[in-house]
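Please read them with the structure open.

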Amino acid sequence: MFDVAKFLIEGHKRLQGEILVHGAKNSTLPILAASMLCNTETVLHNCPVLSDVETCAKILRYLGCRVIRSGGDVTIDSSGIIHSDIPDYLMREMRSSIVFLGAIVARTGRAKLSFPGGCELGPRPIDLHLAALRRMGVEIEEDHGCLNCSAPGGLKGAKIGFSFPSVGATENVMIAAVCAKGTTVITNAAREPEICDLANFLNACGAKIRGAGESTIMIEGVAKLSGCEHSVIPDRIAAATYMAAAAATGSTLLISRIDPRHLEPMIPVFEESGCGLMFCEDELKITAPQRLQPVKSVRTMPYPGFPTDAQAPVMAMTALANGTSVFVENIFESRYKHVGELLRLGANIKVEGRVAVVQGVPRLSGASVESPDLRGGAALVIAGLAAEGITQVEGLRHIDRGYEQMELSLAAVGASIQRIV
Ligand code: UD1
């Protein structure tokens with residue numbers, strides 16, 4: 001993809017003011033997919049304007065839905081579904097399009113998708129999704145990179161035990177199960193807040209889901225769903241990214257429209273680094289010290305552990321800490337691609353397999369860097385804000401997948417950052 005846009009950042013400036021956090025990307029995508037199951041109109045509020053969300057809207061339109069966006073509101077009318085496939089070019093735009101699989105089979109009785117393949121984070125298998133759907137009566141043929149699925153007898157409830165609490169597989173099964181015949185029980189289900197948001201949305205449409213947010217989820221199939229109005233939860237990873245930006249620049253920021261409960265797994269890391277955190281309803285004031293303390297160990301884990309998506313932004317802040325921080329990446333194989341770029345800014349980081357050892361340095365200095373992936377790109381922006389001199393961050397197509405107008409949010413609190421196209 002041709003992507004010439006870049007951020008030009010003049011770093012080493014204190015930030016001050018308020019950042020409003022947008023709706024969660026990782027909730028919006030499965031909820032949009034699930035909206036296919038409703039026979040009447042669905043209205044979603046707090047939908048972030050992100051390229052991944054636009055890709056979802058394109059998929060829904062291709063399938064035959066009417067999708068209208070007005071600011072943060074998206075209205076979906078899925079009464080006119082005409083297709084049960086997703087063209088290859090749309091599958092390639094977004095690896096998470098696999099979350100449409102359960103919805104398309106549930107709605108049309110079949111589905112044809114190309115295999116999502118690998119991505120920037122390494123291999124992204126979908127074996128857990130496929131094994132679970134097979135248990136629910138879906139016949140799946142894998143042929144030349146294509147998945148041909150059909151459910152001749154309709155979807156039926158099943159007992160599904162995951163060997164790993166995959167977020168996407170849990171979502172796919174929940175969506176497939178809500179209108180299946182009988183009851184589905186998922187054990188070792190993912191417990192992320194986005195799972196609860198999806199369940200709340202589906203229940204508001206008439207589904208019968210119990211236990212979302214716990215390891216065992218029970219879904220009693222119902223005959224049909226009707227559309228509802230639903231507000232997407234705040235994006236906890238965007239919130240953590242702006243917290244890390246405050247921490248790295250020695251700033252005080254008010255971060256608003258958050259859900260403090262969802263930030264709990266990350267709070268100890270910011271506290272250990274010496275940041276003061278004050279929560280008040282849906283706001284957080286973060287006050288960073290002159291120099292950050294190192295963080296002994298950040299181990300990424302499924303929720304309620306430390307999220308893998310916050311690993312890169314938090315690593316960027318520890319690059320400037322007064323000592324050694326250690327990261328262990330337990331979720332994805334290839335999630336240290338930002339490290340090579342952080343080194344260009346003067347960071348001192350060594351990676352050995354799943355472990356990264358960050359020896360904090362007193363200063364970073366601006367350089368030209370390239371976003372390797374979405375959260376890695378955010379990490380480079382944070383490092384650029386803290387670095388002395390000018391940093392150019394290329395590869396904005398990654399950052400635009402998950403942060404709504406990041407440069408405007410940061411410029412509004414005093415950062416010198418511009419998008420050059
Ligand atoms: C979701 C999030 C992503 C986040 C990740 C982990 C969305 C759109 N994306 O991705 O931002 O980083 O959760 O919190 O919500 N796995 C298998 N087989 C499978 C499925 C997954 O082996 O069938 C493995 C993956 O390779 C990975 C791990 O399980 O190592 C976690 O993946 P999963 O929880 O499924 O992540 P996603 O749903 O893809």
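**Notes on the model**

1. I start with a loop. N188 lies in the loop between β11 (183–187) and α7 (193–204). Helices (H or I, at least four residues) and strands (E, at least two) are DSSP runs, numbered from the N terminus. Phi of N188 is near 55°, a positive value in a residue other than glycine. With a relative accessible area of 32%, N188 is partly exposed. The classes are buried under 20% relative accessible area, exposed over 50%, and partly exposed in between (1.4 Å probe, protein chains only).

2. Ground rules. This is a predicted model, in which local features need pLDDT of at least 70 and side-chain atom pairs count only at pLDDT 80 or more, while totals for chains, interfaces and linings use all residues. Residues are numbered from 1 along each chain as its sequence is written, and side-chain values use heavy atoms, with hydrogens and water left out.

3. E281 sits in the loop between β16 (276–280) and β17 (283–287). At 72% relative accessibility, E281 counts as exposed. A cis peptide bond joins Y303 and P304, with omega about 10°. P304 is placed in the loop between β18 and α10. For context, most residues other than glycine have a negative phi, and most peptide bonds are trans.

4. The ligand shell. How many residues surround the ligand? The count is 20, and the closest are D127, S166, G168, D309 and I331. Near here means that a heavy atom of the residue lies within 4 Å. The shell divides into 9 nonpolar, 6 polar and 5 charged residues. In this scheme Ala, Val, Leu, Ile, Met, Phe, Trp, Tyr, Cys and Pro count as nonpolar, Asp, Glu, Lys and Arg as charged, and the others, Gly among them, as polar.

5. Where the shell comes from. Helices α1 (25–34), α5 (127–135) and α6 (167–177) each supply at least two residues of the shell around the ligand. The most comes from α5, with 3 residues. Why does the ligand lie between domain 1 and domain 2? Domain 1 (6–22 + 234–420) and domain 2 (25–231) both give residues to the shell, so the ligand lies between them. The domain bounds come from an automatic or database domain assignment.

6. Polar atoms at the ligand. A backbone N or O atom of L128 lies 2.8 Å from an oxygen atom of the ligand. For N26, a polar side-chain atom lies 3.0 Å from a ligand oxygen. For R335, a polar side-chain atom lies 3.5 Å from an oxygen atom of the ligand. On its own the ligand has 740 Å² of accessible area, and the protein covers 84% of that. Accessible areas come from the Shrake-Rupley method with a 1.4 Å probe; for residues, only the protein chains shown count as cover.

7. R335 again, now with D309. Their side chains meet in a salt bridge (2.7 Å, N to O). A salt bridge is a side-chain nitrogen of Lys or Arg within 4 Å of a carboxyl oxygen of Asp or Glu. The pair links distant parts of the chain, 26 residues apart: R335 in the loop between β19 (324–328) and α11 (337–344), D309 in the loop between β18 (298–299) and α10 (311–318).

8. Other salt bridges. A search of the whole structure finds 15. One joins the side chains of E41 and R66 (3.2 Å, N to O). E41 is in the loop between α1 and β3 (42–45), and R66 is in strand β4 (residues 66–70), 25 residues apart. E41 is partly exposed at 40%, and R66 is partly exposed at 41%. R69 forms a salt bridge with E54, the closest N and O atoms being 3.2 Å apart. R69 lies in strand β4 and E54 in helix α2 (residues 51–63), so the pair ties together parts that are 15 residues apart in sequence. R69 is partly exposed, with a relative accessible area of 26%. E54 is partly exposed at 30%.

Terms used
A polar contact is a pair of N or O atoms within 3.5 Å; within protein, one must be able to donate a hydrogen and the other to accept it, and residues adjacent in sequence count only if both atoms are side-chain atoms.
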